Amino acid sequence: MQFIDLKTPHQKYKAEIEGRMNAVLEHGAFIMGPEVAEVEKQLASYVGVKHCITTSSGTHSLEIALRALGVGPGDEVVTVAFTWISSAEVVPLVGAKPVFVDVDPVAFNLDVSKLEAAITPRTKAIMPVSLFGQMPDYAAINAIGAKHGIPVIEDGAQSFGATQNGQKSCGVTLIGSTSFFPAKPLGCYGDGGALFTSDDALAGKMRAIRTHGGEKRHHHTMVGTNGRFDTLQAAVLLGKLPHFAWEVAERNRIGARYSELLRDVCTVPEVVPGNTHVYAQYTIRAKERDALGAKLKEAGIPTAVYYPKCLHEQPVFAGTSAWGDLPVSEQASREVISLPMHPYLSEADQDKVVSAVKAAL
Ligand SMILES: Cc1ncc(COP(=O)(O)O)c(C=O)c1O
């Protein structure tokens, strides 16, 4: 059994994906070929915003967003510590300081009741994460941001395809950022990412920073980078996008079925009212997490721990928050374990996982 199956979708959609890739091999515009603009148009329309700017990764997306907002030395960015390192590492990369807020115990997302206390006159952005495929309460976060005049960036690397009150992830804040890393809900065949906004000026800035700070060729108006999305990866997404809505529906169905079958034996990932979940990870909590992982391994079931340490426990972020400052995040990192999850998981395999979890617990 695979933790995430990337082979089956390729076999299923091979003709379309390879057809789009072969077209790139034939025309040879490997950098910023026509497929990049085509996929940006489709992605912006899917999310429901005016602009999509594809990038070379979800990490680079976040960095470009911070640069476009002018975040720099002396500034603070509020985010969470129970997440992948990218969500915070981009902050010192632009010279600013990450300020960690604890998460809620149900969805593992930024605890909105603790957000305002983290805001100081130096706060230049709020960058919550939509962890595991479900969004935090962006209406409340945007309201706090607006009250203090601070822009909000959604790190939607794990939540592409999820919704909140009918609005798509990456379309609910000033800037939305996602990743097309192969294992993400919408994955390409290498690294890739995208930024989303309906703000014309910000879109222009992010587009320019993404391509060496140039608004046109050989005219560089700001410090930029090489953050372009490969044309071949754009072709992969164009081949996969027609099937994405079905994949999201399957993720919902499979995640809900897991929860129904496991609710009695462990803490399952509950979907907050108003949200849909894409289960980039199907993550349960169990006090005896490590023993459970070992037993599942013996039963031939792959698992993963996202994340065994919070970011304030990482040497690179030593001194940002003390142990005990973020108790919900700290406890989560000791109790979470993710089970095999992808849109092609058969009921038979899912039943095998469920039986093994029940037997182990
Ligand atoms: C929450 C989060 N943010 C950012 C990223 C960065 O994305 P990428 O791997 O495309 O750089 C990831 C991906 O692992 C992620 O899970």
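Let me start with the make-up of the ligand site: the shell around the ligand consists of three nonpolar, nine polar and two charged residues. Keep in mind that this is a predicted model.

Which residues come nearest to the ligand? Out of 14 residues around the ligand, they are Gly58, Thr59, Asp155, Gln158 and Ser179. As for secondary structure, α3, residues 58-68, and α4, residues 86-93, each contribute at least two residues to that shell.

Now the individual contacts. Thr59 places a polar side-chain atom 2.5 Å from an oxygen atom of the ligand. Gly58 uses its backbone instead: a polar backbone atom there is 2.7 Å from a ligand oxygen atom. With Asp155 the ligand atom is a nitrogen, and a polar side-chain atom of Asp155 lies 2.7 Å from that nitrogen.

How much of the ligand does the protein bury? On its own the ligand exposes 390 Å², and the protein buries 92% of that area. As to location, the ligand sits in the largest pocket.

Searching the whole structure turns up one cavity of 30 Å³ or more. The volume of the largest cavity is about 40 Å³. Its lining is made up of Val106, Ala107, Phe108, Phe132, Gln134, Pro269, His277, Gln281 and Thr283. By class, the lining of the largest cavity has five nonpolar residues, four polar and no charged. The shell around the ligand, to repeat, has two charged residues.

That is what I have for today.

Key:
Residues numbered from 1 in each chain as written. Predicted model: local features only at pLDDT ≥ 70, side-chain atom pairs only at ≥ 80, totals over all residues. Heavy atoms only, no water. Near = heavy atom within 4 Å. Polar contact = N/O pair within 3.5 Å; in protein donor to acceptor, adjacent residues only side chain to side chain. Areas by Shrake-Rupley, 256 points an atom, 1.4 Å probe, with all protein chains shown as cover. 1 Å grid on protein atoms, 1.4 Å probe; cavity = no way out; pocket = protein on both sides within 12 Å on 5 of 7 lines; lining within 4 Å. Sits in = over half its atoms within 2 Å of the grid points. Helix = DSSP H or I, 4+ residues; strand = E, 2+ residues; numbered from the N terminus. Nonpolar A, V, L, I, M, F, W, Y, C, P; charged D, E, K, R; others polar. Points joined across faces, edges and corners; volume = space filled by probe spheres on them.
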